Structures are given as C-alpha cells and as structure tokens.
Amino acid sequence: MTDYLVPDHVRVRQEDFGLLFYDTRSTRLTFVRSGDRLVPPPFVGDHRTLRAAGAAPDAALSRVLTGLVEKGLLLALPAE
Amino acid sequence: MPSRLSDTPPQRLSTSPLRAPVNVTWEITEACNLDCAHCLSAELRAERRGELDFEQCRALLDELARMQVFQVNFGGGEPFLRHDFLDILRYAHRLGITTCVSTNGTVLNDGLVDDLLAIGAEHPAAPVYLQVSLDGAKPETNDAIRGAGTFGRILRGVELLARRQYPDFSLNMVVTRLNAAEVGEFDRLARSYGAKTRLSRFRPSGGGCHTWDDYRLTREQLAELSAFLGDHTEILTGDSFFSLTPDSRRNLGLNMCGAAKMTCAVAPDGSVYPCAFLADPAFLSGNVIGESLWDIFKTSPIFKRFRDLEVASCKGCDRFSICHGGCPAVGYFLTESMGLPDPECLRAVEAGAGGREAAAPTKEGV
C-alpha cells in the first residue's frame with residue numbers, strides 16, 4: 001500500500017468529475033476523472049495526503065495515481 | 001493560463017461546469033499613468049465607479065480561498081499605483097493563491113522588486129508572476145500605442161527585473177496590425193532579458209472598440225501569426241488564440257472560451273463579468289459588495305447563458321473540437337449578437353474571410 005502526498009507546489013480540488021490539479025510552477029491544469037474515489041487534502045496547510053475513499057485503489061485507479069506521480073503532481077511514499 | 005487535459009475528453013469540460021473558476025481576473029484599480037490606445041479597461045476607468053476598499057478586497061480574497069480558486073490575475077489600471085496593493089498581494093499569498101500581476105513596468109523600482117521577491121521567498125509554493133506589457137520590439141511601434149517615451153521607460157523596468165533575476169516574468173504584446181510584423185523580434189527581445197514571451201489577442205472590447213478598424217490584423221497577418229505560434233509552441237498566449245492556432249498547440253491550452261466556466265472577472269468597483277473582455281453592461285452579473293462571488297458564479301443567468309452558449313454554425317467544422325466557435329466577445333462587440341462564429345478563426349482566414357479586408361460590420365455600423 002502506498003501513500004500519496006500532494007507536493008507544496010501543487011493545488012488540488014474536488015470537482016464533479018473527480019480531481020482538478022494545478023501546478024503553481026507551470027500554471028498547468030490536469031483533469032482526473034476519478035469521481036469520488038480520491039479525496040484531496042485541504043487546499044493549503046500541512047496535511048497533504050491524498051487518500052482513496054473506501055477500499056484500496058483498483059488497477060485502473062492505481063494507473064491514474066502512477067501517472068500523476070510521473071507528472072510530479074503526487075509523491076508516492078511507502079506506507080508505514 | 002495553459003491547461004492540459006488528462007483522462008477527460010476536451011468536450012467534457014464544456015458540458016461539465018466546474019464548481020468554481022480556476023482563475024479570476026481582478027482589475028484592482030482604475031488608476032493608471034499611461035493612456036494606451038487599445039486599453040481594455042478604458043471605458044470602465046472613464047466611468048470612475050470607484051474601487052473596493054482594503055477590507056472588501058480582503059473579504060473577496062477570503063472567498064476566493066474558500067472557492068479554492070488557484071490563481072488571481074491582477075490588472076487595472078496599473079496595479080502598483082494602488083497604495084495598498086502589496087498588502088493585498090501578501091494576503092492573497094498567505095491564503096495560498098498564486099498571482100499574476102499585469103503591469104506596464106514603468107513604476108518598477110528596486111524597493112518594489114525587493115518587496116515582490118520577499119513575497120515570493122516567503123511563499124515559494126505560490127509564485128508571484130509578473131507580466132510586463134510592451135507593444136512592439138521597436139520604440140516607434142510601442143510608443144504609437146502606449147504613448148511617447150514609454151518604450152524606454154518600460155524597458156528600464158524590464159532591465160531591473162533581469163538584473164535582480166526576478167524568477168517569473170514575461171513580456172506581453174497585444175498583437176495588432178502595427179506590431180504583428182515584430183513578433184519574432186519581440187520574442188528575441190524578451191529572451192534577451194530572460195523573460196518569457198506572451199502574445200495576447202487584440203479584441204474590440206473596452207478601448208479596443210474605438211481602435212478596432214485601425215488595429216485589427218489583416219488576413220495575411222492572421223495567417224502568419226497562426227503559423228508563427230504553431231512554430232513557437234513555447235510562447236504563451238493566455239489561451240487567447242485558440243480559434244487561430246494550428247494542431248501543434250492543440251494540447252497547450254484551452255480549446256474553448258473559458259468565460260463563466262474556467263474564469264470570471266471582477267472590476268475595480270466589485271462588478272462581476274464572465275470575462276475581462278466582456279466587461280460590458282450587457283454582461284454585468286453582480287457585485288461582490290453584498291453578494292457572494294461564488295453564488296454569482298453558480299447562479300447568475302448570464303453565466304449560465306455563457307455555459308450553454310453553442311455556436312451551432314461551427315459544429316460541422318473540422319476544427320470545432322479545438323475551437324468551439326472561438327471568442328464570443330469578438331463576435332458580440334462586432335455584431336451585438338451572441339452565438340456567432342469568431343470572425344478571426346483559422347478556417348475563415350483560409351477561406352478569404354475574417355481579417356481587416358473582410359466586410360465585417362462594426363458595432364457602430366449595426
């Protein structure tokens with residue numbers, strides 16, 4: 001199981017379709033159709049963990065999370 | 001603002017409104033020390049409707065933070081002429097909001113740059129982007145638009161930013177018939193200062209209504225600009241040329257008008273419009289004094305009208321998916337009608353319509 005952190009330079013908010021990411025360093029947006037399966041952390045503040053709602057992410061959602069890590073919009077941390 | 005779509009087809013955006021704007025353009029002051037011929041805010045400034053006071057500004061920023069608006073684009077007037085602007089800027093960054101300040105560059109000095117660098121250092125996760133307006137690569141070109149002697153004054157500000165190694169600034173040119181031939185030279189000039197190049201579209205709104213016939217691009221210039229932007233995908237456009245740009249820029253920005261969907265605009269007196277280019281009485285949607293911007297965004301009939309707007313006559317076009325009919329503001333201010341195709345779209349240009357030589361009716365002529 002992996003934990004995902006939202007880096008300081010990234011903002012993320014919930015939309016009807018899922019999550020909307022904004023990278024403050026590039027001002028680029030990334031739309032992720034995740035519905036309500038991913039719960040973003042508060043807009044700002046020290047708590048930066050993105051969590052999956054309910055059960056552990058399925059294969060499709062895991063691929064989305066991996067893609068977000070590759071784009072630098074999430075940091076993957078081994079769960080303690 | 002550049003945007004990149006992931007996992008969601010572009011057309012989904014137009015049918016699924018966001019809960020809040022991604023960015024808000026906020027004309028923070030009427031004050032300005034220049035009198036540019038194409039000023040978007042000229043008519044609003046002439047009306048002298050007043051400005052929000054500091055507490056009202058702070059309340060609006062609190063609401064923008066609650067709405068989770070990512071970025072505020074401050075304009076004016078000249079924002080740095082407002083005496084409490086730096087306090088407003090500091091407060092925005094304290095709330096985690098990224099900002100971009102559009103300035104004419106003439107009031108930049110060492111002390112001001114010190115302050116801006118300090119805000120950026122204190123809030124590295126939310127940069128203060130600076131966008132300096134310059135309307136040509138040559139003094140005579142810029143000065144014909146922005147006023148005598150302004151080229152040198154603006155470049156002194158730009159040189160200061162370069163010398164102080166300001167990390168995030170761009171030079172912005174509104175592309176008109178007067179300066180279109182200089183876009184390449186302008187790009188090289190910006191690079192020489194370590195700045196990004198940003199090209200913006202000239203629209204017949206605000207003061208642009210009065211200079212449209214003289215400043216609008218010719219068909220040939222529109223075609224050349226389209227090709228130039230296609231060859232220079234690193235150049236920023238503020239998403240303003242989606243009706244014109246080729247496929248090479250398809251994934252670089254919005255593929256449709258973002259008014260009332262991705263963005264909205266607040267005038268100095270708190271009036272709210274779907275977009276800064278639609279700051280016209282016909283589109284006045286509310287005022288943040290006494291009204292919630294979030295409520296206006298969600299419930300304004302004018303905003304809903306923009307979200308539902310479809311340019312039906314463009315649906316059969318092969319570029320519809322990357323243009324969606326173009327900028328409604330251009331069509332509106334030329335014809336006083338909504339839902340008509342952008343007269344400067346690439347297909348119109350290729351077909352010999354659009355551009356200066358076309359017999360498009362002006363607002364005065366309708």
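Here are some questions and answers on helices, cores, salt bridges and one aspartate.

Author: Happy to! This is a predicted model, in which local features need pLDDT of at least 70, side-chain atom pairs count only at pLDDT 80 or more, and totals for chains, interfaces and linings use all residues. Residues are numbered from 1 along each chain as its sequence is written, chains are lettered from A and ligands numbered from 1 in the order in which they are written, and side-chain values use heavy atoms, leaving out hydrogens and water.

Reader: At what angle do helix α6 and helix α7 of chain B pack?

Author: Helices here are DSSP runs of H or I with at least four residues, and strands are runs of E with at least two, numbered from the N terminus. Axes are lines fitted to C-alpha atoms over the stretch in contact, and angles run from 0 to 180 degrees between N-to-C directions. Helix α6 (residues 139–146) and helix α7 (residues 150–163) of chain B have axes 8 Å apart, and the angle between them is about 100°. Since angles under 35 degrees count as roughly parallel, over 145 as roughly antiparallel, 65 to 115 as roughly perpendicular and the rest as oblique, α6(B) is to α7(B) roughly perpendicular.

Reader: Which residues of α7(B) make the contact?

Author: Contact means heavy atoms within 4.5 Å. From α6(B) come B:Pro139, B:Asn142, B:Asp143 and B:Arg146, and they meet, on α7(B), B:Thr150, B:Phe151 and B:Ile154.

Reader: Which residues touch the most other members of the largest nonpolar core?

Author: A nonpolar core is a set of buried Ala, Val, Leu, Ile, Met, Phe, Trp, Tyr and Cys residues joined through side-chain atoms within 4.5 Å. Buried means under 20% relative accessible area, exposed over 50%, and partly exposed in between, with a 1.4 Å probe and protein chains only. The largest core has 96 residues, and those touching the most other members are B:Trp26, B:Leu64 and B:Leu199.

Reader: How many residues are in the other core?

Author: This core lies apart from the largest one, and its members include A:Val6, A:Val32, A:Leu38 and A:Leu74. Its residue count is 14.

Reader: How many residues apart in sequence are the parts tied together by A:Arg37 and A:Asp58?

Author: A salt bridge is a side-chain nitrogen of Lys or Arg within 4 Å of a carboxyl oxygen of Asp or Glu. A:Arg37 and A:Asp58 form one, with their closest N and O atoms 3.7 Å apart. A:Arg37 lies in the loop between β4 (28–32) and β5 (38–39) of chain A, and A:Asp58 in the loop between β6 (49–52) and α1 (59–70), so the parts tied together are apart in sequence by 21 residues.

Reader: How far from B:Ser243 is the C-alpha atom of B:Asp342?

Author: Not counting residues up to four places away in sequence, B:Asp342 touches B:Ser243, and also B:Arg201, B:Gly325, B:Gly326, B:Cys327 and B:Val330. B:Asp342 and B:Ser243 are 99 residues apart along the chain, and their C-alpha atoms are separated by 7.3 Å.
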